[in-house]
Amino acid sequence: MDLSKIPVTVITGFLGAGKTTLIRHLMANPQGKRLAVLVNEFGTVGVDGDILKSCADENCPEENIVELANGCICCTVAEDFIPTIEALLRLPKRPDHILIETSGLALPKPLLKAFDWPGIRSLITVDGVITLADAEAVATGLFAGELTETQIAAGEHDTPLGEVFEDQLACADIVLLTKADLAGEAGVEAARKVIAFEAEEKGRALPVLAVTDGVVDPRVILGLGKAAEDDLAARPSHHDGEDGHEHDDFDSVSVDLPEMDSVEDLLKAIGHLTEGGALRVKGYVAIKGKPMRLLVQAVGARVRHQYDRPWGTARAGHLVVIGEKGNIDAAAIHAVLGA
């Protein structure tokens, strides 16, 4: 391998698996390397990018953290991904390592193909693909689901959630089972069996590590030297042979929010959304009487919230709600949130 190439680690995993938490840990433990981060989100609000910029320091200054929202870099390679990578390579101080956080709905393989682009192939290489999987979600069968009658009639064998999950595993060099503390020993073991079965189906053996709060020795996942762009045949995808793909099975709704009376009111509203089929809710909310903004991140019925920083000039609350089409209705979401 050409040692002059800048290594890139692709961090993928379904919505809410903990990708941003892992990257924050890597930024705090850079092993003497100058890092750059590219964040891609499904939706118009860049929550993850904003969180990471709050962690910027001399090892990964804010200008090294680039965000691509409201799209999918594996769908818009020429328009978004390539120019962004080229811009990172033109920085006065070139990064030693680039971390890419994909959208939770992204299929990694089309992104890996982009590394064959003539303008960047000689400059960067995919050091490895790290797939994060929520141990509790995997153990409870979230990604299995049931096909609708329409999907069965169309000859489909996997749910949209299942396809994304399987493609993310199929591209992985290492799988991190996240939120191990919430899953417990039995949940982690059940999740390991699911992943081992999926890997065996694809003829692969995948190292699996259980982690909590994104804490893992960076030396375990960085510096793998896999050159994944040269190993695409061993990383099968449901979409092999297609010219491209679109996330037609999923949709997002962005909501501008007025101040809310209390955190309890907000959590009750989010509960209604997740019970109605929302897969992910995230964003910032203004609570009356509180000078700091409330960061909210919900995955299914699990909601985390914390006051993260003072508001700027405007107390402008905003949430993004993501779900499968048919389970997400913009008017109903606005009504539930009182927006």
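**A helix pair and its surroundings**

Guide: A269, H272 and L273 of helix α11 touch I333, V336 and L337 of helix α12, where contact means heavy atoms within 4.5 Å. Helices (H or I, at least four residues) and strands (E, at least two) are DSSP runs, numbered from the N terminus. By class, this contact between α11 and α12 has five nonpolar residues, one polar and no charged. Ala, Val, Leu, Ile, Met, Phe, Trp, Tyr, Cys and Pro count as nonpolar, Asp, Glu, Lys and Arg as charged, and the others, Gly among them, as polar.

The model is predicted: local features need pLDDT of at least 70 and side-chain atom pairs count only at pLDDT 80 or more, while totals for chains, interfaces and linings use all residues. Residues are numbered from 1 along each chain as its sequence is written, and side-chain values use heavy atoms, with hydrogens and water left out.

Next comes the geometry of the pair. Two packed helices are described by the angle between their axes and the distance between the axes. Helix α11 covers residues 263–275 and helix α12 residues 330–337; they pack at an angle of about 155°, with axes 9 Å apart. The axes are lines fitted to C-alpha atoms, for helices over the stretch in contact, and angles run from 0 to 180 degrees between N-to-C directions. The angle therefore makes α11 roughly antiparallel to α12 (under 35 degrees is roughly parallel, over 145 roughly antiparallel, 65 to 115 roughly perpendicular and the rest oblique). The crossing of α11 and α12 is right-handed, a term used if the near helix is turned clockwise from the far one by less than a right angle, with anticlockwise giving left-handed.

Now the two ends of α12. Just after α12, G338 has a positive phi of about 70°.

Finally, the chain around this pair. The protein chain has 12 helices and 12 strands. Of its 339 residues, 51% count as buried, meaning under 20% relative accessible area, with exposed over 50% and partly exposed in between (1.4 Å probe, protein chains only). Another helix, α8 (residues 160–170), is mostly covered, with 10 of its 11 residues buried; among them are L161, F165 and L169. Among contacts in the protein chain between residues at least 6 apart in sequence, 79% join residues at least 24 apart.
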